Amino acid sequence: MVDREKVSALVEKAKLESLEEKDILINTLHKIQDYFGNYVPVEAAEIVAEELGVPKSKVYEVLTFYTMFSIKPRGKYVIRVCVNLPCHVTGGREIVQILQESLGVNFGETTKDGLFTLETTSCLGLCGVSPVIMINDQYYGDLTPRKVKELIENLRKGGDER
Amino acid sequence: MIIFINEKSFEAKQGQTIYDVAMENGIEIPVLCHHPALEPVGACRICAVEVEGMRNLQTACTTKVFDGMRVYTSTQRVFSARKTNLYLILKVHPNDCMTCDANGNCKLQELAYQYNIKIPTQEVELRGLPLDDADPFIVRDLNKCIQCQLCVRVCDEIENMSIYSMVERGYETLPQPAFGMPLKESECVFCGQCATVCPVGAIVEKPAIGKARWWETDKTTTTCPYCGVGCQIDVFVDKEKKEVVRVYGSAINPDVNDGIATCVKGKFGLDFVNDPARLKEPVVKRNGEFVKVSWQEALDYAANGLKSVIEKYGSESVGVLSSAKCTNEENYLMQKFARAVLKTPNVDHCARLCHASTVAGLARAFGSGAMTNNLKDILQAQVILVTGSNTTEAHPVYGSRIKKAVRKGAKLIVADPRKIELVNYATLWLRQRPGTDVALFNGLLHVIIKEDLVNKEFISNRTTGFEELKRAVEKYTPEYVEKITNVPKEKIIEAARLYAKAQRAAIVYSMGITQHEHGTDNVLAIANLAMATGNLGKEGAGVNPLRGQNNVQGACDMGALPDVLTGYQKVTSPEVIEKFEKAWQTKIPAKVGLTVVEMIHAALEGRIKALVVMGENPRLSDPDASLVDEALSKLDFFVSMDMFLNETNKHAHVVLPAASFLEKDGTFTNTERRVQLVRKAFEPVGESKPDWQIIMELSKRLGYEMNYDSPSQIMEEIRSLTPIYGGITHERIKIKGLQWPCRTLEDEGTPILHTSKFTGPDGLGKFHVVEYREPPELPDEEYPFYLTTGRILFHFHTGTMTRRSTISKYLNTPYVEMNPVDAQELGVKDKGEIYITSRRGKVKGIVKITEKVPPRTIFSSFHFYETPINELTLAEPLDPIAKIPNFKVTAVRVEKA
Ligand code: SF4
Ligand code: SF4
Ligand code: SF4
Ligand code: FES
Ligand code: FES
């Protein structure tokens with residue numbers, strides 16, 4: 001069960017913090033996603049629609065338009081791999097391989113232990129240090145399969161993202 | 001201005017698009033994402049054209065013309081762009097034309113053929129998405145979607161439900177209800193407009209599947225037979241099988257239904273005409289059973305039966321119920337039959353039960369008892385006060401328009417005890433206690449006067465009686481009114497200011513206002529408000545009663561009322577009687593007859609011995625319905641004209657099978673006084689006959705010749721006797737109808753009444769002092785709940801039509817709305833059973849728990865014989881002026897069953 005009051009409170013907070021009317025919805029969804037740990041439960045999204053007086057379908061539209069949102073539960077760490085050309089040709093392919101191997105999941109899936117979700121992203125504007133991945137809000141560049149493996153191991157052991 | 005298309009010059013207007021100009025001049029430009037009823041968005045780029053001086057191809061549907069513009073619509077570049085476009089669409093499109101329901105009416109199919117695009121099967125990459133066919137109305141196959149967004153836009157712009165959005169990004173983007181749910185689990189109201197607008201087979205009407213291919217159907221443009229909006233619809237039928245295949249909202253008159261709109265009833269509720277239970281032959285009652293007989297026998301029997309009652313008990317022992325479902329021409333003949341042939345003054349119809357108080361009240365205040373403004377101009381209103389009308393359910397297409405008005409900036413005030421859907425759009429919601437409307441309106445007027453927000457000029461130039469009224473409302477202070485109505489005084493003050501300060505404020509109301517013992521007073525109180533603020537005779541204002549049935553306005557106009565002949569000409573006026581007697585070449589009764597409810601009472605008392613009923617079902621629709629049952633069973637003779645056997649005509653001695661609205665020509669007059677055509681789509685089913693022919697036959701047998709070749713000939717007679725219909729002919733109303741008063745063949749009709757003076761003899765509006773009085777029955781210890789009744793979206797009246805249509809597959813059980821607080825107290829669950837008891841009877845109901853109703857108030861529709869709610873309502877006292885029963889407030893007891 002999603003706590004209605006909590007969601008309403010987050011909506012109110014986003015309203016206060018948004019400078020422009022049009023940002024309220026996105027800011028709200030960010031807050032909700034953080035609160036529920038990396039995803040926006042459908043029930044919470046419905047409450048947001050009601051509170052902001054926008055059609056549910058429009059909330060859904062925003063949730064599916066931006067890759068950063070998900071309505072499915074995601075792992076503690078969301079790993080996004082840049083799949084655009086510059087990263088791809090500088091070793092991105094191997095990075096994808098090693099991630100899929102060591103996590104045992106495909107894109108869009110979450111590991112059984114609930115720790116990792118693997119996703120793709122388009123160019124992050126860091127082509128200079130390609131190949132690039134993101135783990136939650138953090139960027140990692142100049143990657144090699146080895147470095148990636150270490151990162152994962154470290155997180156598994158309970159280490160920080162950094 | 002002048003523009004050039006393919007080197008030829010054309011006249012064009014500022015604001016037109018290239019596509020508009022091309023269309024006007026018969027130059028073909030293909031479109032996929034464009035629909036004339038919707039704002040253009042330029043999403044599909046199939047309409048690309050070259051414009052001199054512009055580097056890129058331009059989309060013709062969005063690009064505005066300018067003087068001297070040079071456009072090329074069929075260059076090589078244009079063709080190859082279109083081909084590429086089509087190629088991309090077809091590359092993911094199932095090659096399924098042979099079983100697709102859009103086959104023959106698919107824009108993609110046409111273009112693929114025209115541009116000769118062939119894609120080898122192995123190159124087609126299908127999306128592989130599942131179908132959504134969870135509901136009985138619509139099948140969505142997004143594998144066929146061409147991403148034109150028309151469905152999203154029609155649901156946003158016209159229906160104002162916003163069920164769909166384009167989900168995901170880029171080439172994967174597809175229209176989906178929120179969270180990818182099936183339509184059935186969304187808030188979709190199944191208006192079906194997304195299916196009407198989809199240019200391909202991605203959204204189709206489920207009932208049509210497998211019935212007939214597009215080229216096997218014929219299109220008839222006609223008027224919806226359900227509510228008073230009078231939507232224009234294109235009905236596609238299989239003429240041979242006499243079967244309805246599908247219905248589209250027609251583009252013929254956007255003023256009425258936006259060039260596309262329908263609600264679920266218009267779109268999916270018409271297949272009742274194909275119900276196997278249709279009466280196909282006349283039947284007479286023998287030993288308690290109906291047996292089939294020939295027309296000859298049935299008509300002779302009916303005529304002789306009426307004749308012998310008249311001989312024995314006199315003409316006035318016969319009552320005639322005409323019908324708000326039938327055409328104007330039929331209503332005209334029916335009242336003529338009553339007056340000129342049977343010689344009885346007792347003719348009425350179900351308008352008595354819905355808007356008799358409107359007709360009486362507005363006639364007193366303004367001199368004319370009809371909606372003052374029109375359906376279109378609500379979009380010009382700055383403030384809209386909706387009261388006693390659950391518009392989005394009872395008049396759905398107009399309800400959507402009110403939402404649109406709000407979206408465009410109008411402020412909405414809702415005054416209603418129930419939390420109807422429009423409350424979500426309202427700036428202010430006044431939740432008055434049922435039956436306290438007069439106090440509420442007087443309270444609003446009190447504030448308006450006190451704060452000097454009245455329109456002095458209007459009052460002094462155009463009205464009388466204001467000073468007296470002013471004194472009378474002095475005592476209706478916000479504090480006093482709060483006590484009566486339970487509406488907080490601040491809200492009363494705020495609402496009064498909002499309404500009175502607007503330049504253009506419209507009042508919209510319906511049966512929540514009229515169906516009271518003080519219904520006429522309610523109407524007068526509303527009229528007072530509008531006159532005091534000068535909100536009459538101009539666009540976006542007025543007093544707008546929404547008439548319930550397709551032709552209840554027309555049935556009244558035609559004189560199917562006991563006190564007036566056609567066009568509200570009084571039976572008490574010797575000149576009127578003389579005129580009609582001369583025209584009809586016979587004597588007619590010059591007195592006021594009995595109303596519906598009075599006829600039933602008279603039958604109980606043995607004063608009415610015979611009834612002729614055309615297309616009505618009083619057994620379910622009238623108050624205190626078991627009395628109706630008793631009354632009907634006491635009749636010596638009862639002639640029914642109907643499409644079906646129902647709760648009423650099971651008492652009949654003879655039932656004459658009537659043709660449906662699709663099987664005859666004629667006219668309906670909608671709530672905005674617009675007379676519109678009803679056109680025949682196929683021949684009458686079985687041996688049924690249109691009511692007008694049945695009446696002619698009966699009349700002949702009773703010694704009065706009626707000879708008309710067609711309904712348009714009947715309209716000629718109506719026109720000659722009815723000043724407000726003087727200019728109405730079938731020929732003139734072919735496209736957009738005409739709004740009465742329309743007095744001559746040159747008269748363009750009257751969209752807004754009372755623009756410079758009111759209709760009465762002195763041309764002045766009349767204020768009336770109305771005092772609040774308590775409803776005749778209030779909750780007490782023994783009967784502690786309010787019961788209020790009304791219509792729901794999916795059904796209509798006694799269900800004789802909707803329950804025989806596709807809609808019954810979606811919803812076919814009654815429910816009674818109850819507040820969660822009460823449900824908990826009574827220990828009933830959602831869908832649990834209850835008994836509802838009033839001083840008159842006891843019925844069983846199924847509970848729907850909802851905050852829509854306040855605590856201690858339950859709501860039930862009257863559509864279902866399983867919960868015949870009118871067993872509980874009061875047949876007495878009636879409104880003293882309009883004789884309308886008090887349906888909206890009944891005291892009941894509720895128990896868990
Ligand atoms: S049927 Fe009507 S309400 Fe439902 S999705 Fe289609 S357009 Fe919207
Ligand atoms: S479902 Fe039909 S109307 Fe909607 S976007 Fe697809 S093709 Fe267009
Ligand atoms: S709004 Fe009324 S007239 Fe229009 S389709 Fe619905 S029932 Fe018919
Ligand atoms: S391509 Fe990967 S960061 Fe730009
Ligand atoms: S029809 Fe013009 S862009 Fe689609």
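Which elements of chain B do the buried residues of α26(B) pack against? In this predicted model, the buried residues of helix α26 (residues 691–701) of chain B are B:Asp691, B:Trp692, B:Ile694, B:Ile695, B:Met696, B:Leu698 and B:Ser699. Their packing partners in chain B are the helices α8 (295–313), α9 (328–342) and α27 (711–721), together with the strands β23 (610–614), β24 (637–642) and β25 (654–657). After α26(B) comes B:Gly703, whose phi is positive, near 85°.

The crossing of α11(B) past α20(B) is right-handed. On the α11(B) side, the contact is made by B:Ser357, B:Thr358, B:Ala360, B:Gly361, B:Leu362, B:Arg364, B:Ala365 and B:Phe366, while α20(B) contributes B:Gly519, B:Thr520, B:Val523, B:Leu524, B:Ala527 and B:Met531. By residue class, this contact of α11(B) with α20(B) comprises 8 nonpolar, 5 polar and 1 charged.

Finally, a loop residue deserves a visit. B:Lys91 sits in the loop between α2 (76–90) and α3 (107–114) of chain B. Its relative accessibility is 22%, so B:Lys91 counts as partly exposed. Setting aside neighbours within four places in sequence, B:Lys91 is in contact with B:Ile119, B:Glu123, B:Val124 and B:Glu125.

Notes. Residues are numbered from 1 along each chain as its sequence is written. Chains are lettered from A and ligands numbered from 1 in the order in which they are written. This is a predicted model: local features need pLDDT of at least 70, side-chain atom pairs count only at pLDDT 80 or more; totals for chains, interfaces and linings use all residues. Side-chain values use heavy atoms; hydrogens and water are left out. A crossing is left-handed if the near helix is turned anticlockwise from the far one by less than a right angle, and right-handed if clockwise. Helices (H or I, at least four residues) and strands (E, at least two) are DSSP runs, numbered from the N terminus. Contact means heavy atoms within 4.5 Å. Ala, Val, Leu, Ile, Met, Phe, Trp, Tyr, Cys and Pro count as nonpolar, Asp, Glu, Lys and Arg as charged, and the others, Gly among them, as polar. Buried means under 20% relative accessible area, exposed over 50%, partly exposed in between (1.4 Å probe, protein chains only).
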